[in-house]
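I wrote the entries in the order in which I checked things.

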Amino acid sequence: MDRNAILVVGSANMDMVVVAEKFPQPGETLFGRQFNMYPGGKGANQAVCAAKLGGETHFIGRMGNDLFRERLVQNMASDGVVMDHLLIDEQEPTGIALITVDGGGENEIIVISGSNMKLSPADVESRRALFNRVGVVLAQLEIPLETVARTAELAAAAGACFILNPAPACKLPVKLLQRVDFLTPNRLELELLAGMSILDDIESVRCAAQRLLDQGVGNVLVTLGERGSLWVTPGEARLFAARRVQAVDTTAAGDAFNGAFAFALSRGETVPQAIHFANRVAAFSVTRMGAQSSMPTAADIEEWV
Ligand code: ADP
């Protein structure tokens, strides 16, 4: 059986971005400057990343029966994500984020999770056969925690590697942590998960990651922005430096990292090789504007020396 495929279980949103000179006061109406819609959501971004790199990538998520679903599905499919396992919610709308950006670049964001938070353990269960056909399962925390927990169980039962990107962070039950092969927090997420503040040194990051290993996580892979990422296993910590780049937009750097890491593991790369590759893909993504549009193809990465 060829298990080079990747399964992403997660969220998809339509981000609606308004640019205005200033934020309106309560009760005030303003004319803004610009409006754009961008496909987003951590699950969708990570799936698009893996698919654009060339991985056979399947997506399980829930969207509303509305126009945003049509646009999102069209976008993800055109980037190569297999959308056959999507669930449709007749009650809740597709997830959206309303983002206002002022003249100084500050933003205000309201997220309506909508159908994302209706993705249930039973939904994932209904796609169970798929778990036996993939080598890597990747999830985030923009769907209900019990659904993530069921996903972890199904991945374990199918013998697939389970990667959890704990974003946005919340405290996780030990039973779930024990099923995670790779946990990929950024620094702030690690602080929350480990319940301790982290100083600027690597030893402090290692110490926090160790707390999660103590609870049963297999490997902790901490992303450290322009510093790269730290791989922590029981007894060892290894820093993988980031490539120096001119950062243009760091939106979805973490998503690029996770999608690329899952892709590389699914291709049978060793963990150090996969981390190097993920750093590289994520660094590339920060040199471009946008989330899904900033994800490179394999050819982009090869050419980018
Ligand atoms: P998040 O986007 O989730 O906050 P990070 O900021 O830690 O995550 O970034 C994720 C990964 O993206 C990093 O581990 C690194 O590989 C890459 N990265 C982020 N910012 C930069 C940068 N300025 N230069 C190079 N690589 C970067």
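**Entry 1: Arg62**

I began with Arg62, which counts as buried because its relative accessibility is 15%; buried means under 20% relative accessible area, exposed over 50%, and partly exposed in between (1.4 Å probe, protein chains only). I note here that the model is predicted, that local features need pLDDT of at least 70 and side-chain atom pairs pLDDT 80 or more, while totals for chains, interfaces and linings use all residues. Residues are numbered from 1 along each chain as its sequence is written, and side-chain values use heavy atoms, with hydrogens and water left out.

I found Arg62 in strand S5. Helices (H or I, at least four residues) and strands (E, at least two) are DSSP runs, numbered from the N terminus.

Which residue forms a salt bridge with Arg62? I found Asp123, with the closest N and O atoms 2.8 Å apart. A salt bridge here is a side-chain nitrogen of Lys or Arg within 4 Å of a carboxyl oxygen of Asp or Glu. The pair links distant parts of the chain, since Arg62 sits in S5 (residues 62-64) and Asp123 in helix H3 (residues 121-125), 61 residues apart. Asp123 is buried, as is Arg62.

A polar atom of the Arg62 side chain lies 3.2 Å from the backbone oxygen of Lys118. For a polar contact I used a pair of N or O atoms within 3.5 Å; within protein, one must be able to donate a hydrogen and the other to accept it, and residues adjacent in sequence count only if both atoms are side-chain atoms.

**Entry 2: other salt bridges**

I searched the whole structure and got 11 salt bridges. One of them joins Arg33 and Glu21, with the closest N and O atoms 2.7 Å apart. Both residues lie in the loop between strand S2 (13-19) and strand S3 (34-40), 12 residues apart. Are Arg33 and Glu21 buried or exposed? I noted both as exposed.

Next I took Glu125 and Arg128, which form a salt bridge with the closest N and O atoms at 2.9 Å. Glu125 counts as partly exposed because its relative accessibility is 29%. Arg128, at 38%, is therefore partly exposed as well.

**Entry 3: the ligand**

How many residues are around the ligand? I counted 16, of which Thr223, Gly225, Gly228, Gly254 and Asn279 come nearest. A residue is near a molecule if one of its heavy atoms lies within 4 Å of it.

By class, this shell has 8 nonpolar, 6 polar and 2 charged residues. Ala, Val, Leu, Ile, Met, Phe, Trp, Tyr, Cys and Pro count as nonpolar, Asp, Glu, Lys and Arg as charged, and the others, Gly among them, as polar. Helix H9 (253-266) and helix H10 (271-286) each supply at least two residues of the shell. H10 gives the largest share, 4 residues.

An N or O atom in the side chain of Asn186 is 3.0 Å from a ligand oxygen. A polar backbone atom of Gly225 is 2.9 Å from an oxygen atom of the ligand. For Gly254, a backbone N or O atom lies 3.0 Å from a ligand oxygen. Taken alone the ligand exposes 550 Å², and the protein buries 82% of that. Accessible areas come from the Shrake-Rupley method with a 1.4 Å probe; for residues, only the protein chains shown count as cover.

**Entry 4: backbone checks**

Where is the cis peptide bond that I noted? It runs from Ala167 to Pro168, with omega near -10°. Pro168 lies in the loop between strand S10 (161-164) and helix H6 (174-177).

I also looked at Ala252, whose phi is near 70°, a positive value in a residue other than glycine. Ala252 lies in the loop between S14 and H9. With a relative accessible area of 14%, Ala252 is therefore buried.

Ala237 counts as partly exposed because its relative accessibility is 32%. Ala237 and Arg71 are 166 residues apart in sequence and 42 Å apart in space, C-alpha to C-alpha.
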